[in-house]
Amino acid sequence: FYASGCNSIEELIHNCKEWTPKKRREMEEKIGLTSSSNANESSLILSQDVKATNGMTEDEELDYIQKKYILPVIGDGDDE
(Lines give C-alpha, C1' and ligand atoms only; values in the text may rest on other atoms or scores of the structure.)
Protein backbone atom coordinates (compact mmCIF):
# COMPACT_ATOMS: atom_id res chain seq x y z
CA PHE A 1 0.00 0.00 0.00
CA TYR A 2 2.99 2.33 0.33
CA ALA A 3 3.29 2.52 -3.48
CA SER A 4 -0.18 4.10 -3.56
CA GLY A 5 1.02 6.95 -1.35
CA CYS A 6 -1.06 5.78 1.60
CA ASN A 7 0.34 5.35 5.08
CA SER A 8 -1.97 2.54 6.18
CA ILE A 9 -4.27 -0.12 4.83
CA GLU A 10 -7.26 1.78 6.27
CA GLU A 11 -6.25 4.90 4.33
CA LEU A 12 -5.85 2.86 1.14
CA ILE A 13 -9.31 1.29 1.58
CA HIS A 14 -10.87 4.70 2.24
CA ASN A 15 -9.23 6.21 -0.85
CA CYS A 16 -10.30 3.26 -3.03
CA LYS A 17 -13.90 3.56 -1.85
CA GLU A 18 -13.97 7.11 -3.18
CA TRP A 19 -11.73 6.67 -6.22
CA THR A 20 -13.23 3.47 -7.67
CA PRO A 21 -16.86 4.65 -8.11
CA LYS A 22 -15.64 7.96 -9.55
CA LYS A 23 -13.52 6.20 -12.18
CA ARG A 24 -16.35 3.75 -12.95
CA ARG A 25 -18.74 6.64 -13.62
CA GLU A 26 -16.17 8.39 -15.81
CA MET A 27 -15.71 5.21 -17.85
CA GLU A 28 -19.48 4.67 -18.17
CA GLU A 29 -19.94 8.23 -19.39
CA LYS A 30 -17.14 7.87 -21.95
CA ILE A 31 -18.64 4.74 -23.46
CA GLY A 32 -22.19 6.06 -23.27
CA LEU A 33 -23.68 3.88 -20.54
CA THR A 34 -24.99 6.76 -18.44
CA SER A 35 -26.28 10.23 -19.08
CA SER A 36 -24.88 13.27 -17.31
CA SER A 37 -28.07 13.70 -15.26
CA ASN A 38 -27.87 10.10 -14.05
CA ALA A 39 -24.19 10.59 -13.26
CA ASN A 40 -24.93 13.72 -11.22
CA GLU A 41 -27.68 11.92 -9.32
CA SER A 42 -25.42 8.93 -8.72
CA SER A 43 -22.65 11.24 -7.51
CA LEU A 44 -25.01 12.83 -4.98
CA ILE A 45 -26.13 9.42 -3.68
CA LEU A 46 -22.53 8.21 -3.51
CA SER A 47 -21.50 11.33 -1.61
CA GLN A 48 -24.29 10.78 0.92
CA ASP A 49 -23.32 7.12 1.34
CA VAL A 50 -19.63 7.97 1.79
CA LYS A 51 -20.53 10.50 4.48
CA ALA A 52 -22.97 8.12 6.17
CA THR A 53 -20.50 5.25 6.32
CA ASN A 54 -17.50 7.33 7.37
CA GLY A 55 -15.86 5.68 10.36
CA MET A 56 -17.90 2.47 10.12
CA THR A 57 -16.35 -0.98 10.14
CA GLU A 58 -16.80 -3.12 7.03
CA ASP A 59 -19.56 -5.10 8.74
CA GLU A 60 -21.39 -1.90 9.69
CA GLU A 61 -21.06 -0.65 6.10
CA LEU A 62 -22.51 -3.91 4.76
CA ASP A 63 -25.44 -3.64 7.19
CA TYR A 64 -26.01 -0.03 6.08
CA ILE A 65 -26.04 -0.97 2.38
CA GLN A 66 -28.29 -3.96 3.04
CA LYS A 67 -30.82 -1.86 4.95
CA LYS A 68 -30.73 1.03 2.47
CA TYR A 69 -30.67 -0.78 -0.88
CA ILE A 70 -31.28 -4.52 -0.62
CA LEU A 71 -34.09 -4.95 1.93
CA PRO A 72 -36.39 -2.40 0.24
CA VAL A 73 -36.14 -4.44 -2.99
CA ILE A 74 -36.44 -7.98 -1.60
CA GLY A 75 -38.34 -7.24 1.60
CA ASP A 76 -37.24 -7.97 5.14
CA GLY A 77 -38.91 -11.36 5.44
CA ASP A 78 -41.57 -10.26 7.95
CA ASP A 79 -44.43 -11.11 5.60
CA GLU A 80 -43.71 -14.87 5.56
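Isoleucine 65 is partly exposed, with 33% relative accessible area, where buried stands for under 20%, exposed for over 50% and partly exposed for the range in between (1.4 Å probe, protein chains only). This isoleucine sits in helix α3; helices here are DSSP runs of H or I with at least four residues, strands are runs of E with at least two, and both are numbered from the N terminus. Isoleucine 65 also belongs to a nonpolar surface patch with Tyr69, Ile70, Val73 and Ile74, and together these residues have about 480 Å² of accessible area. Patch members have over 30% relative accessible area and no salt bridge, with nonpolar side chains (Val, Leu, Ile, Met, Phe, Trp, Tyr) joined within 5 Å and like charges within 9 Å. Areas come from the Shrake-Rupley method with a 1.4 Å probe, and for residues only the protein chains shown count as cover.

The structure is a predicted model, in which local features need pLDDT of at least 70 and side-chain atom pairs count only at pLDDT 80 or more, while totals for chains, interfaces and linings use all residues. Residues are numbered from 1 along each chain as its sequence is written, and side-chain values use heavy atoms, with hydrogens and water left out. The mean pLDDT (the predictor's confidence in each residue, from 0 to 100) is 77 for the protein chain, and 72% of its residues reach 70 or more.

The overall fold is quickly told. The protein chain contains three helices and zero strands, giving the pattern α-α-α along the sequence. Of its 80 residues, 11% are buried. The chain exposes about 6500 Å², of which carbon and sulfur atoms supply 54%.

Helix α3 spans residues 58–74 and has a kink of about 40 degrees centred on glutamine 66, the bend at a residue being the angle between axes fitted to the seven residues ending there and the seven starting there. After α3 comes glycine 75, with a positive phi near 90 degrees.

Two salt bridges are counted, each defined as a side-chain nitrogen of Lys or Arg within 4 Å of a carboxyl oxygen of Asp or Glu. One of them joins the side chains of lysine 17 and glutamate 61, at 2.6 Å from N to O. This pair links distant parts of the chain, with lysine 17 in helix α1 (residues 9–30) and glutamate 61 in helix α3, 44 residues apart. Lysine 17 is partly exposed at 33% relative accessible area, whereas glutamate 61 is buried at 16%. Aspartate 49 and lysine 68 form a salt bridge as well, their closest N and O atoms lying 2.8 Å apart. Here, too, distant parts of the chain are linked: aspartate 49 is in helix α2 and lysine 68 in helix α3, 19 residues apart. Aspartate 49 is buried, with a relative accessible area of 11%, and lysine 68 is partly exposed at 34%.

Apart from neighbours within four places in sequence, glutamate 61 is in contact with Lys17, Thr53 and Met56, contact meaning heavy atoms within 4.5 Å. Threonine 53 lies in helix α2, which covers residues 36–53, and is buried at 13% relative accessible area. Not counting residues up to four places away in sequence, threonine 53 touches Glu61 and Tyr64.
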